[in-house]
Amino acid sequence: METTGRALVDHWKWAADKGLMNKSTAAGLRAACSQVLGVQENWESVDVKTLDIEEALTRFQHLRKKDFKPSVLKTYRQRFQSAVESFLRYQMDPAVWKPRASERPANKERAARGDREAVEIRPVRQEMPQTGMVEYPFPLRAGQIVRLALPRDLKSSEVDRLHAFMRTLAVDFEAAETKA
């Protein structure tokens, strides 16, 4: 079987198209492989089996550090290592290969360590009949959805007031010290 850079990148599209893994996860692995290998000469024909992964990642980071935030470079590093490892396992025995589940710790473990990740929240608007209000389900923490009922024509100043009020409800709220 082929273990070229092109085969590695194409493998993740194939895995998503076949329904073997989540399309977004596969796209993330594919993007990391394309970006990291893209700084290599003739990257499409590079033999991934003999590639010095650490050297390739170091080269990528040196050449592309101006283009990406440090957190993105770190993510690409993790995804590339994982993608190559999984791809080579597939090459050894395609019949039993299964992509690994996400290696990220569960939400509670990340929260305990203080990890913060940007989470895109897309509220599902639900009209409340004849009240002029819209209900927004909001994932507050793992396994906990809260519902906010807000006016359809909510203003920025009202959001600021609501934010200030919500801060006072937090159990770890510390009021600003007033100067006398």
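Reader: Where does H11 lie?

Author: H11 lies in helix α1. Before we go on, keep in mind that this is a predicted model.

Reader: Is H11 buried or exposed?

Author: To answer that, we look at relative accessible area, where under 20% means buried. H11 has a value of 5%, so H11 is buried.

Reader: Which residues is H11 in contact with, leaving aside its neighbours within four places in sequence?

Author: With those neighbours set aside, H11 is in contact with F87, Y90 and W97.

Reader: Is the crossing left-handed or right-handed?

Author: The crossing in which α3 passes α4 is right-handed.

Reader: Which residues in α3 meet which residues in α4?

Author: On the α3 side you can find I53, E54, L57, T58, F60, Q61 and R64. They meet L73, Y76, R77, F80, Q81 and V84 in α4. Sorted by kind, the residues of this contact of α3 with α4 divide into 7 nonpolar, 3 polar and 3 charged.

Reader: What is L57 in contact with, leaving aside its neighbours within four places in sequence?

Author: Apart from those neighbours, L57 is in contact with V36, R77, F80 and Q81. L57 and R77 are 20 residues apart in sequence, while their C-alpha atoms are 6.5 Å apart in space.

Reader: Next, salt bridges. What should I look for, and how many are there?

Author: Look for a side-chain nitrogen of Lys or Arg within 4 Å of a carboxyl oxygen of Asp or Glu. By this rule the count here comes to 8 salt bridges.

Reader: Which residue meets R6 in a salt bridge of 3.1 Å, N to O?

Author: That partner is D10, whose side chain meets the side chain of R6 at 3.1 Å, N to O. Both residues lie in helix α1, residues 5-17, and they are 4 residues apart, about one turn of the helix. R6 is partly exposed at a relative accessible area of 27%, and D10 is partly exposed at 32%.

Reader: What about R6 and E44? How far apart are their closest N and O atoms?

Author: The closest N and O atoms of R6 and E44 are 2.6 Å apart, and the two residues form a salt bridge. This pair links distant parts of the chain, since R6 is in helix α1 and E44 is in the loop between α2 (23-37) and α3, 38 residues apart. E44 counts as partly exposed, at 40% relative accessibility.

Reader: Where are the partners in the salt bridge of R147 and E135?

Author: The side chains of R147 and E135 meet in a salt bridge at 3.8 Å, N to O. R147 is in strand β3, residues 144-151, and E135 is in strand β2, residues 133-141. The pair links distant parts of the chain, 12 residues apart. R147 is exposed, with a relative accessible area of 53%, whereas E135 counts as buried at 18%.

Reader: Let's finish with the loop between α2 and α3. What is the phi of N42?

Author: N42 is found in that loop between α2 and α3. Its phi is positive, about 50°, although N42 is not a glycine. N42 is exposed, with a relative accessible area of 60%.

Reader: And is K49 buried or exposed?

Author: K49 lies in the loop between α2 and α3, and K49 is exposed, with a relative accessible area of 60%. Leaving aside its neighbours within four places in sequence, K49 is in contact with T3 and L88. K49 and Q91 are 42 residues apart in sequence and 9.7 Å apart in space, C-alpha to C-alpha.

Terms used
Residues are numbered from 1 along each chain as its sequence is written. This is a predicted model: local features need pLDDT of at least 70, side-chain atom pairs count only at pLDDT 80 or more; totals for chains, interfaces and linings use all residues. Side-chain values use heavy atoms; hydrogens and water are left out. A crossing is left-handed if the near helix is turned anticlockwise from the far one by less than a right angle, and right-handed if clockwise. Helices (H or I, at least four residues) and strands (E, at least two) are DSSP runs, numbered from the N terminus. Contact means heavy atoms within 4.5 Å. Ala, Val, Leu, Ile, Met, Phe, Trp, Tyr, Cys and Pro count as nonpolar, Asp, Glu, Lys and Arg as charged, and the others, Gly among them, as polar. Buried means under 20% relative accessible area, exposed over 50%, partly exposed in between (1.4 Å probe, protein chains only).
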